[in-house]
Amino acid sequence: MSPKAPREDFSDDEIEVGPPKDYAAGFGGVYHSMEPAILDMGLPRTVRLMTKINQKDGFDCMSCAWPDPSHRKIAEFCENGGKAVTWEATPLKVSRKFFKENSVISMLDKTEYWLGQQGRITEPMFKDEGSDHYVPVSWDRAFQIVADELNALDHPNEASFYTSGRASNEAAFLYQLFARAYGTNNLPDCSNMCHESTGTAMTYSVGIGKSTVSYNDFLESDLIIIMGQNPGTNHPRMLTALEDAKKNGAKIIAVNPLPEAGLIGYKDPQTVRGYIGKPLQIADQFMQVRLGGDMALLQAVSKRVLEAEAKNPGRVLDHDFIERYCDGFEEFAEHIQTIDERNVEQATGLATAEIDEFAKRYLESNRVIICWAMGITQHRQGVDTIKEIINLLLLRGNIGKPGAGASPIRGHSNVQGDRTMGVWEQMPDSFLDALGKEFNFDPPRDHGVDAVHGIRALADGKIKVWVGLGGNLLGAISDSNLAEEAMRKTTLSVQLSTKLNRSHVVTGKKALILPVLGRTEVDQQLSGPQYITVEDSVCAVHASHGQIEPIADTVRSEVAIIGGIAHATLGDSLGIDWLGMVDNYDVIRDHISRVVPGCDNYNEKTRRRDGFVLPNPPRDERRFETETGKARITVNTAEPVDCPPGRLLLQTLRSHDQFNTTIYSLNDRYRGIKKGRYVIFVHPDDLAELGLSDGQTVDIFSEWPDQPDRVLRGFRIVSYPTARGCAAAYFPEANVLVPLDSTAIGSNTPVSKAVVIRLEPSSTPAGVGRPVTV
Ligand SMILES: Nc1nc2c(c(=O)[nH]1)N[C@H]1C(S)=C(S)[C@@H](COP(=O)(O)OP(=O)(O)OC[C@H]3O[C@@H](n4cnc5c(=O)[nH]c(N)nc54)[C@H](O)[C@@H]3O)O[C@H]1N2
Ligand SMILES: Nc1nc2c(c(=O)[nH]1)N[C@H]1C(S)=C(S)[C@@H](COP(=O)(O)OP(=O)(O)OC[C@H]3O[C@@H](n4cnc5c(=O)[nH]c(N)nc54)[C@H](O)[C@@H]3O)O[C@H]1N2
Ligand code: SF4
Ligand SMILES: [Mo]
């Protein structure tokens with residue numbers, strides 16, 4: 001079978017717009033996922049991978065962090081898992097000829113879509129200072145280049161080590177060990193742009209920044225509230241769990257400015273009924289909240305809960321739980337009384353009756369789970385909004401009992417594991433103590449930079465070497481133009497990657513691309529084939545075994561590359577046997593056993609077919625390891641974003657055919673979009689008010705109190721049933737609209753979900769090439 005030639009970049013074709021869908025998956029889902037796979041990979045490879053994905057002896061889907069049920073079906077994956085596997089396991093390679101023909105400057109005009117379509121990178125490539133081309137280098141030379149640059153720095157804090165959440169636990173552990181042994185806590189990660197608000201809020205309120213539910217809790221719940229999350233696209237198999245929950249009697253409330261297909265209905269492609277029957281209704285109540293209105297909504301619901309208690313003293317709140325386990329109830333109760341319903345209505349755009357119904361459902365349910373994702377975390381008040389989620393749960397003891405809990409739904413497949421392994425710029429001293437003791441050195445204690453501060457430090461010339469373990473920071477971070485200028489100032493930028501992206505074409509003076517093995521591929525080291533381990537959204541840890549031959553024998557595993565860099569940089573100065581860990585990952589896992597809390601006997605536990613579940617004090621024993629030793633009910637003040645007349649609030653989100661900055665196709669099936677990404681979704685009544693119309697091409701200006709407007713030109717308006725006053729466009733194209741310092745209070749996560757914009761008729765044609773931003 002000969003791999004297909006690289007696909008064309010954006011065509012000049014008109015974007016096609018059809019009606020949005022009101023249910024997710026079904027036969028269409030599976031068909032759409034399998035067609036490109038079979039075309040690209042051939043049938044035997046496809047069958048091999050698709051029967052091993054998410055199986056107990058197989059490999060973990062590298063797409064999202066949704067957990068696996070304990071009873072697996074033969075095909076335990078979804079459409080978007082299929083796309084992720086296909087994208088990685090393509091036989092298409094980026095050739096030496098490609099790098100000769102395409103200068104780095106020439107690739108600046110290319111979109112993420114085009115870059116990703118070129119295939120897998122198969123050998124280390126180096127761009128020297130003054131050169132505009134990548135040329136092949138040997139692995140040894142590549143490691144030496146990194147080592148020389150790192151060893152030439154005045155201080156270890158002049159280097160930064162970014163991680164994206166696909167890295168395995170073994171790679172992540174080795175990576176943070178190397179960064180700290182080298183001397184820095186500069187370990188920013190994609191989580192800084194993602195669930196950092198969750199970590200900050202939950203650690204404060206309940207003492208752990210992770211979900212307090214297990215997979216089976218979904219099946220035992222009475223009420224599941226899904227806020228700011230689009231599971232039909234971003235966690236598709238969650239819909240199967242929701243279907244099962246509904247069969248067991250659960251009700252579902254969805255809170256979202258958009259009527260996302262997967263929140264409205266679902267057809268499970270793996271059941272007969274799913275093929276031929278009607279879609280199952282998912283949300284029993286759909287609340288079309290305004291962007292950023294969730295905190296006001298949650299407070300209004302809590303207010304109703306307290307009012308119900310006043311009417312029925314002793315019968316509504318979980319008094320035993322509050323007394324025994326919680327702090328701060330009185331202050332909270334007092335504060336909630338001051339909530340003004342008119343402000344709530346304005347902030348949420350919801351009718352009082354809708355909020356009454358929400359509260360009634362909450363009060364009628366003994367076991368409640370609240371899930372959330374980026375629609376909550378990526379707001380200026382994301383942290384406080386999550387604290388309000390916890391407040392509402394605590395009032396009726398909905399944490400630490402079956403069928404109930406707080407459930408942030410994580411993004412990247414191992415983003416949570418990477419954090420558990422120590423990838424964080426501010427790991428607690430207890431972790432650093434254990435690490436130092438295990439490896440006999442003194443880890444640095446000053447906190448390092450997060451993603452946003454890292455870009456600022458690059459811009460200020462304070463960080464000179466940037467290493468990326470996966471990901472595409474320049475594509476993913478806000479303020480794209482500033483970030484790119486900042487990266488150009490480095491002496492060396494290094495990317496460990498599977499495929500090309502923006503972070504390979506906007507580089508430091510010198511740049512390296514180090515090609516990694518994907519999760520689908522057999523990882524052969526000196527002691528034999530290795531497995532790696534990952535942690536999902538509900539703290540379950542298990543092994544993942546590569547299945548197919550690597551794309552080329554010149555690619556190396558993440559562990560092997562990190563070990564190689566560490567060995568070249570530090571040698572055996574600290575007596576750490578870097579290469580021994582590469583030869584046999586069991587050695588890394590033995591270290592993990594002794595350093596990472598909850599991971600004792602890590603080799604044995606990860607060899608179990610089901611893996612194991614990490615301890616979680618709130619979930620397991622209602623133990624809250626906060627500063628006060630209790631769960632903290634908090635007082636927060638909602639400050640909804642002020643949106644002046646003639647303006648809209650913009651959120652940036654994912655299409656159905658992308659994984660973050662990886663663009664699989666130019667379609668967004670559930671929202672009715674084909675062949676284009678430069679669209680902006682606006683409510684028809686807002687269009688009428690603004691004197692604009694569906695199909696018109698506009699420029700999007702974002703407005704900031706103390707700095708000039710930013711602009712994105714040539715976007716086609718799509719009339720869409722979003723909440724009034726709210727608009728939506730795709731990330732990463734829209735990142736340019738958000739200034740670097742527009743971040744969530746307390747977590748420093750870029751505010752990607754409520755940006756004040758105005759629209760003006762455009763003279764730029766819609767949807768060709770890279771977006772126009774000047
Ligand atoms: N196929 C696929 N899967 C993915 C990803 C992908 O790109 N593609 N990315 C992965 C990653 S890293 C992550 S973090 C997750 C992201 O998963 P999601 O959080 O589902 O991702 P988004 O596309 O950002 O969608 C945000 C949702 O929140 C809603 N929303 C926005 N603002 C608000 C608000 O103010 N209030 C409320 N209530 N809702 C709001 C939006 O309408 C949208 O439905 O998915 C992971 N899985
Ligand atoms: N405006 C706006 N910005 C956002 C968001 C938003 O909603 N709106 N979402 C934010 C969120 S939630 C996140 S998580 C970040 C994502 O930020 P990142 O995690 O940095 O970005 P990704 O696009 O997931 O990274 C994709 C790249 O990872 C590499 N890769 C793929 N598989 C592997 C592998 O197995 N190993 C290695 N080493 N590399 C691999 C490929 O080269 C690919 O191009 O973006 C954030 N940015
Ligand atoms: S739900 Fe997520 S992890 Fe599961 S198969 Fe789909 S994309 Fe992969
Ligand atoms: Mo994410």
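## Helix H15

In this predicted model, helix H15 covers residues 294-311, and its 18 residues reach 26 Å from the first C-alpha to the last, close to the 26 Å expected at 1.5 Å a residue. Of the 18 residues of H15, 15 are buried, so the helix is largely enclosed by the rest of the structure; buried here means under 20% relative accessible area.

## Residues around ligand 1

There are 31 residues around ligand 1, of which Asn256, Glu260, Asp294, Gln658 and Asn660 come nearest. Sorted by class, the shell around the ligand holds eleven nonpolar, 16 polar and four charged residues. Domain 3 (196-408) and domain 4 (648-773) each contribute at least three residues to this shell.

## Polar contacts and burial

Oxygen atoms of ligand 1 take part in contacts with both side chains and backbone. An oxygen atom of the ligand is 2.6 Å from an N or O atom in the side chain of glutamate 260, and an oxygen atom is also found 2.7 Å from a polar backbone atom of glycine 292. For arginine 654, an N or O atom of the side chain is 2.9 Å from an oxygen atom of ligand 1.

Taken alone, ligand 1 exposes 920 Å², and the protein buries 99% of that area.

Terms used:
Residues are numbered from 1 along each chain as its sequence is written. Chains are lettered from A and ligands numbered from 1 in the order in which they are written. This is a predicted model: local features need pLDDT of at least 70, side-chain atom pairs count only at pLDDT 80 or more; totals for chains, interfaces and linings use all residues. Side-chain values use heavy atoms; hydrogens and water are left out. Helices (H or I, at least four residues) and strands (E, at least two) are DSSP runs, numbered from the N terminus. The expected span of a helix is 1.5 Å times one less than its number of residues. Buried means under 20% relative accessible area, exposed over 50%, partly exposed in between (1.4 Å probe, protein chains only). A residue is near a molecule or strand if one of its heavy atoms lies within 4 Å of it. A polar contact is a pair of N or O atoms within 3.5 Å; within protein, one must be able to donate a hydrogen and the other to accept it, and residues adjacent in sequence count only if both atoms are side-chain atoms. Accessible areas come from the Shrake-Rupley method with a 1.4 Å probe; for residues, only the protein chains shown count as cover. Ala, Val, Leu, Ile, Met, Phe, Trp, Tyr, Cys and Pro count as nonpolar, Asp, Glu, Lys and Arg as charged, and the others, Gly among them, as polar. Domain bounds come from an automatic or database domain assignment.
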